[in-house]
Amino acid sequence: QAQLVESGGGLVQAGGSLKLSCVASGFPFNRYAMGWFRQVPGKERDFVAAIIWSGITDYAESAKGRFTISTDNAKNTVFLQMNSLKPEDTAVYYCAAGNRLRRRSEDYNYWGQGTRVTVAS
């Protein structure tokens, strides 16, 4: 069965960096689009970034220039490098896998359990 396991969240000061990882199993990783979403309590899950097997990427405006999504296909892992973090980046970050490069959470089939990122001001 498909499984996504995130790691790398934590507490960081504003302006700092974190690198999230998501290890995938149970499905053909290099045939799927991989995405990162984030959610704060009481709000919808928001798109952050996505990447597809060809290397094409997409970023939310809030992530452009600060976040970088990448993959290691040999390790079935997708990363999210987050730099210049701001308090408003505080959220639970989720990894997801879908058939196409999309921004809607409904377009993703598999989800991880999430990893919490807290950015202190």
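# Why is it called that? A tour of the contacts

Visitor: Why is Arg31 called exposed?

Guide: Arg31 has a relative accessibility of 65%. Buried means under 20% relative accessible area, exposed means over 50%, and partly exposed lies in between (1.4 Å probe, protein chains only). At 65%, Arg31 is over the limit and therefore counts as exposed. This is a predicted model, where local features need pLDDT of at least 70 and side-chain atom pairs count only at pLDDT 80 or more, while totals for chains, interfaces and linings use all residues. Residues are numbered from 1 along each chain as its sequence is written, and side-chain values use heavy atoms, with hydrogens and water left out.

Visitor: Where is Arg31 found?

Guide: Arg31 is in the loop between E3 and E4. Strands (E, at least two residues) and helices (H or I, at least four) are DSSP runs, numbered from the N terminus.

Visitor: What makes the disulfide of Cys22 and Cys95 left-handed?

Guide: The torsion about the S-S bond of Cys22 and Cys95 is about -75°, which is why the disulfide is left-handed.

Visitor: Are Cys22 and Cys95 buried or exposed?

Guide: Cys22 has a relative accessible area of 0% and is therefore buried. Cys95 also comes out at 0%, so Cys95 is buried too.

Visitor: Why is the contact of Arg103 and Asp58 called a salt bridge?

Guide: The side chains of Arg103 and Asp58 meet at 2.7 Å, N to O. The pair links distant parts of the chain: Arg103 is in the loop between E9 and strand E10 (108–111), and Asp58 in strand E6 (residues 57–59), 45 residues apart. A salt bridge is a side-chain nitrogen of Lys or Arg within 4 Å of a carboxyl oxygen of Asp or Glu, so the 2.7 Å contact counts. Arg103 itself is partly exposed, at 41% relative accessibility.

Visitor: How many salt bridges does the structure hold?

Guide: There are five. Among them, Lys64 and Glu61 have their closest N and O atoms 2.7 Å apart, and Arg104 meets Asp107 at 3.1 Å, N to O. Lys64 is partly exposed at 43%, whereas Glu61 is exposed at 60%. Arg38, Arg66 and Asp89 are linked in a network of salt bridges.

Visitor: What makes the aromatic pair of Phe37 and Tyr108 edge-to-face?

Guide: A search of the whole structure finds eight aromatic pairs. In the pair of Phe37 and Tyr108, the rings are 5.1 Å apart, centre to centre, with 75° between the planes. This pair links distant parts of the chain, with Phe37 in strand E4 (residues 33–39) and Tyr108 in strand E10, 71 residues apart. Rings of Phe, Tyr and Trp (its six-membered ring) pair if their centres lie within 6.5 Å; planes under 30 degrees apart count as stacked, over 60 as edge-to-face and the rest as tilted. The 5.1 Å therefore makes Phe37 and Tyr108 a pair, and the 75° makes the pair edge-to-face. Phe37 is buried at 0%, and Tyr108 is buried at 5%. Ring pairs also link Phe37, Phe47, Tyr94, Tyr108 and Trp111 into a cluster.

Visitor: Where does the charged end of Lys19 sit?

Guide: The charged end of Lys19 is over the ring of Phe79, 4.5 Å from its centre. A charge sits over a ring if NZ of Lys or CZ of Arg is within 6 Å of the ring centre and within 35 degrees of the ring normal. Arg45 lies over the face of Tyr94, 3.7 Å from the ring centre.

Visitor: How do you know that phi of Asn76 is positive?

Guide: Phi of Asn76 is near 50°, a positive value in a residue other than glycine. Asn76 is in the loop between strand E7 (67–72) and strand E8 (77–82). Ser84, not a glycine either, has a positive phi of about 50° and lies in the loop between E8 and E9. Asn76 is partly exposed at 26%, and Ser84 is partly exposed at 40%.

Methods: A disulfide is a pair of cysteine sulfur atoms within 2.5 Å.
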